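The following account is intended to be read alongside the sequence and the three-dimensional structure. Please keep both in view while reading.

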Amino acid sequence: MICREFEIVSRQEPIPGVFDYKIHCPELVAEASPGQFVHIRCGERSLRRPISICALDRGTGELRLVFEVRGEGTRELSHLAAGDRMDILGPLGHGFELLDPGARAVVVGGGIGTPPLLEVARHYGERCQAILGFRSVKNVILDQDFASACGTVVCTDDGSWGVRGTVLPALEAALQGFCPQIVYACGPKPMLKGIQELCARYPVRCQLSLEERMGCGVGACLVCACKTRAEDGQENYAHVCKDGPVFEAQSVVFE
Amino acid sequence: MANLSVNIAGVTLKNPVITASGCFGFGREYEDFYDISRLGGISLKGMTAKKRLGNPPPRIAETPAGMLNSVGLQNPGVDAFLRDDLPYLKTKDTVLIANIAGSTVEDYCEIASRLADSEVDLLELNISCPNVKEGGVAFGVSCEGAAGVVRAVKRHARQPLLVKLSPNVTDIVSIAKAVESEGANGISLINTLLGMRIDIERRRPVLYNNVGGLSGPAVFPVAVRMVWQVANAVKVPVVGMGGIASAKDAIEMMMAGASAVQVGAAMFSDPMAPVKIIEGMESWLSGHGIADVGEIVGTVRPWS
């Protein structure tokens, strides 16, 4: 685990309010795996902000982070420019379990939940299908990145781009036609709940990446609670930072 | 090199910096950052007789210069602690402080009894948790409640007993004196200040528990004031906490009267904060020609 400042290589704003950073941090990149996150210090603020890893370039040692400005902390982070230094703690948490690339996988991303799935799509390549859902054409991010890695379907709620509607009909079609061994998903909770139910019905193994308001990021303070159910039916509060952010879908209880 | 070791209720700490309960788990999570044997002590995650799930999320909200939390004493219970965590902690050369909580006086007594034969060095009686519906802070807001639970626990406890006080009271000094008179061997303060934030778009509290405990630099001046008042009123040692984020803060707290300090929320932005504070205190003391950290305790000179 690493905690120090690293230099920002580039900063872009692909759509208003969403920022795409590349940071040079070879030792962190060497340790990290898809689905893990980093915890970033926001100036003098009391709490760091957890940001999932979008891409890892082992060749250049660059970490790519794509995040949306949600509040004051992420707004402060978005003011960092190329050449500035970012105080990063990571890599943290348990990432996605990647099967042999010969397996078939579907990744389902909703809105700002799409970034952590990019490395998963690259792992499976053409044996992956990506289903990306957004509110509208003006919210679409990373579609070109996914399209260059694997077959990609974009859905928008208002039909202004790609398929009209949520990701669920597209996922159901993929479960029937593409027959994946595993589904990976990240996005808003109602979407994840729908994916959890759909995958349970078929049944197909599914891993979900969750988010929750976070404190320490390492599993000590216990604030980022997520209700889980064990195989024996016993409920517990697991912690997104340490036990997650990736959980087996059947273990998650959406409240 | 200045001597940093301090004595709290008969227990020697190699330095006065203790990680605060609830911010450091049972220690394992921070081992990747530094050797936790460097710490003066660890105040362990608040534990109860039986496992507790804690409150539903969200459990945390950032505030100006601080944070609110409402974890609600999630912990595996004392038996799991003794089985799974204490053996690991005993491999570390640091003082172990078991922070104990309960809903009833009997709960506190049960857990003190279960720990009596264990190798924890000190008990810290948590009568100040604002995030549980029963017990917790209810014992800490009246002299009678606080005195009653201390009196009962003292009959079961083998280790020296610190009592962690709530700042959510009108007269902290009278409560400190009440617990001292029942045999408390030390007093730690302050626990968090009860607070609330509201998401104005949703018209909902940010915390699912509606209210939570405020900590961080925002509470530091309140903590210094209360430590100063209590340290001037009792004979037992005082452990000061509340928003300490730097070596200078720790020195200020000790000048107010604390014999040792606890560091909590500061670790969330900087996991290395306790180590930096230990090193910074050493360097400040050496720079000022002070041979022993004990020489600064309670040395603030009030104006009148």
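The paragraphs below treat the interface between the chains, then selected sites in chain A, then selected sites in chain B.

This is a predicted model, in which local features need pLDDT of at least 70 and side-chain atom pairs count only at pLDDT 80 or more, whereas totals for chains, interfaces and linings use all residues. Residues are numbered from 1 along each chain as its sequence is written, chains are lettered from A and ligands numbered from 1 in the order in which they are written, and side-chain values use heavy atoms, with hydrogens and water left out.

The interface is considered first. Contact (heavy atoms within 4.5 Å) links 27 residues of chain A with 31 residues of chain B. Together the two chains bury about 2500 Å², of which 58% lies on carbon and sulfur atoms; buried area is the accessible area (1.4 Å probe) that two parts lose on being put together, summed over both. Three salt bridges are counted between chain A and chain B, a salt bridge being a side-chain nitrogen of Lys or Arg within 4 Å of a carboxyl oxygen of Asp or Glu. K242(A) and E29(B) form a salt bridge whose closest N and O atoms are 2.6 Å apart. There are also 11 residue pairs in polar contact between chain A and chain B, both residues at pLDDT 80 or more. A polar contact is a pair of N or O atoms within 3.5 Å; within protein, one must be able to donate a hydrogen and the other to accept it, and residues adjacent in sequence count only if both atoms are side-chain atoms. On the side of chain A that touches chain B, strand 15 (residues 235-239) supplies the largest share, four residues. Helices (H or I, at least four residues) and strands (E, at least two) are DSSP runs, numbered from the N terminus.

Within chain A, the UniProt annotation "binding site", from an unreviewed entry, covers R49(A), P50(A), I51(A), S52(A), G73(A) and T74(A). Such annotations may be inferred rather than shown by experiment. P50(A) counts as partly exposed because its relative accessibility is 31%, whereas I51(A) is buried because its relative accessible area is 6%. Buried means under 20% relative accessible area, exposed over 50%, and partly exposed in between (1.4 Å probe, protein chains only). Leaving aside residues up to four places away in sequence, P50(A) touches F37(A), V38(A), H39(A) and M214(A).

C128(A), in strand 9 (residues 128-134) of chain A, counts as buried because its relative accessibility is 2%. The C-alpha atoms of C128(A) and A105(A) are 4.8 Å apart, although 23 residues separate the two in sequence.

In chain B, helix 5 (residues 172-181) has I172(B), V173(B), I175(B), A176(B), A178(B) and V179(B) buried. These buried residues pack against several elements of chain B, including helix 4 (143-154), strand 10 (186-189) and helix 6 (220-231). At the start of helix 5, a side-chain oxygen of D171(B) reaches to within 3.2 Å of the backbone nitrogen of V173(B). Just after helix 5, G183(B) takes a positive phi of about 105 degrees.

N69(B) lies in strand 6 (residues 66-69) of chain B and counts as buried because its relative accessibility is 16%. A polar atom of the N69(B) side chain lies 3.2 Å from the backbone nitrogen of V71(B).
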